[in-house]
Amino acid sequence: PVFHEISAEMRQVMSELEEQTERDQRSLRSVNTDVGRLLLMLAMSAPQGAFLELGSSGGYSSLWLSVAAHAKGVTLTTVDLDEKKVALAQHNVARAGAESSVQVFHGDAFDYVGRADPLAFCFSDIEPPENNAKIYELVVPRLVSGGWLVIDNVTSPRVQSDLINRAANDPRVDSVLLPFPKGDLICRKC
């Protein structure tokens, strides 16, 4: 079981990030543990292709995804516009011993989507959440068959019903909305 293969160093960093998020969700904005576990499971089932994360925050979801990236022999590229979050993510990835599986970049998510190799897995957790509709339109054509796109915060205070409806009616993907905790739209390329 892949959850049991997470190193003690990575578990320690994850635990610290979970505690920090619990204390101050607004500054770190990390996904919760169940979302992290779900991301790992989906990424493990992804076909061959690149892994991309848009919105690194402190690197918490990057660590979950790094486990799948390492197992699949790929590198996760994670991008954030906030220089402080990039530095924090780089620090946490290094402390967890995941730097061989994760590259953290400072930059604009939209620039990196266009540069990525064909995508097997993409997780988007960018600000403001309204930008995820644009990310959706850029990522779906780049997904390989069987590839995953997971978008966080689709039911947060700024409801994204247009994006949810777009995915539900898009013949290129199968999609499901998971309501926990702020809504995750999960799409699989047909």
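Strand β5 (residues 143–152) and strand β7 (residues 184–189) pair in the antiparallel sense over five bridges, where two strands count as paired if DSSP finds at least two bridges between them. Helices (H or I, at least four residues) and strands (E, at least two) are DSSP runs, numbered from the N terminus. Within this pairing, Trp148 stands opposite Arg188 in β7. This is a predicted model, in which local features need pLDDT of at least 70 and side-chain atom pairs count only at pLDDT 80 or more, while totals for chains, interfaces and linings use all residues. Residues are numbered from 1 along each chain as its sequence is written, and side-chain values use heavy atoms, with hydrogens and water left out.

Strand β5 is mostly covered, since nine of its ten residues are buried; buried means under 20% relative accessible area, exposed means over 50%, and partly exposed lies in between, for a 1.4 Å probe and protein chains only.

A parallel pairing also links strand β2 (residues 76–80) to strand β3 (residues 102–106) through five bridges, and here Asp80 has His106 in β3 as its bridge partner. The chain crosses from β2 through α5 to β3, in a β-α-β crossover that is right-handed.

**Salt bridges**

Side chains of opposite charge can pair when their charged atoms come close. With a salt bridge taken as a side-chain nitrogen of Lys or Arg within 4 Å of a carboxyl oxygen of Asp or Glu, the count comes to five salt bridges, including those tabulated here.

| Glu16 | Arg95 | 2.3 Å |

The salt bridge between Glu16 and Arg95 brings its closest N and O atoms to 2.3 Å. Glu16 lies in helix α1 (residues 8–23) and Arg95 in helix α5 (residues 83–95), so the pair ties together parts that are 79 residues apart in sequence. Glu16 is partly exposed, at 30% relative accessibility, and Arg95 is partly exposed as well, with a relative accessible area of 33%.

Glu137 is partly exposed, with a relative accessible area of 35%, and Arg172 is partly exposed at 26%.

Salt bridges that share partners join Glu137, Arg166, Asp170 and Arg172 into one network.

**Pocket and cavity**

The largest pocket has a volume of about 290 Å³. Of the 17 residues that line this pocket, the closest to its centre are Gly55, Asp80, Leu81, Ile126 and Glu127. The elements giving two or more residues to this lining are β2 and α6 (109–115). By class, the lining has seven nonpolar, four polar and six charged residues, where Ala, Val, Leu, Ile, Met, Phe, Trp, Tyr, Cys and Pro count as nonpolar, Asp, Glu, Lys and Arg as charged, and the others, Gly among them, as polar.

On a 1 Å grid over the protein atoms alone, a pocket is an open set of points with protein on both sides within 12 Å along at least five of seven lines, a cavity is a set where a 1.4 Å probe fits but cannot get out, and lining residues have an atom within 4 Å of a point. The structure holds one cavity of 30 Å³ or more. Residues lining the largest cavity include Arg29, Gly55, Tyr60 and Asp125, and the lining divides into two nonpolar, seven polar and two charged residues.

Technical notes. Right-handed = clockwise from strand over helix to strand, strands pointing away. Points joined across faces, edges and corners; volume = space filled by probe spheres on them.
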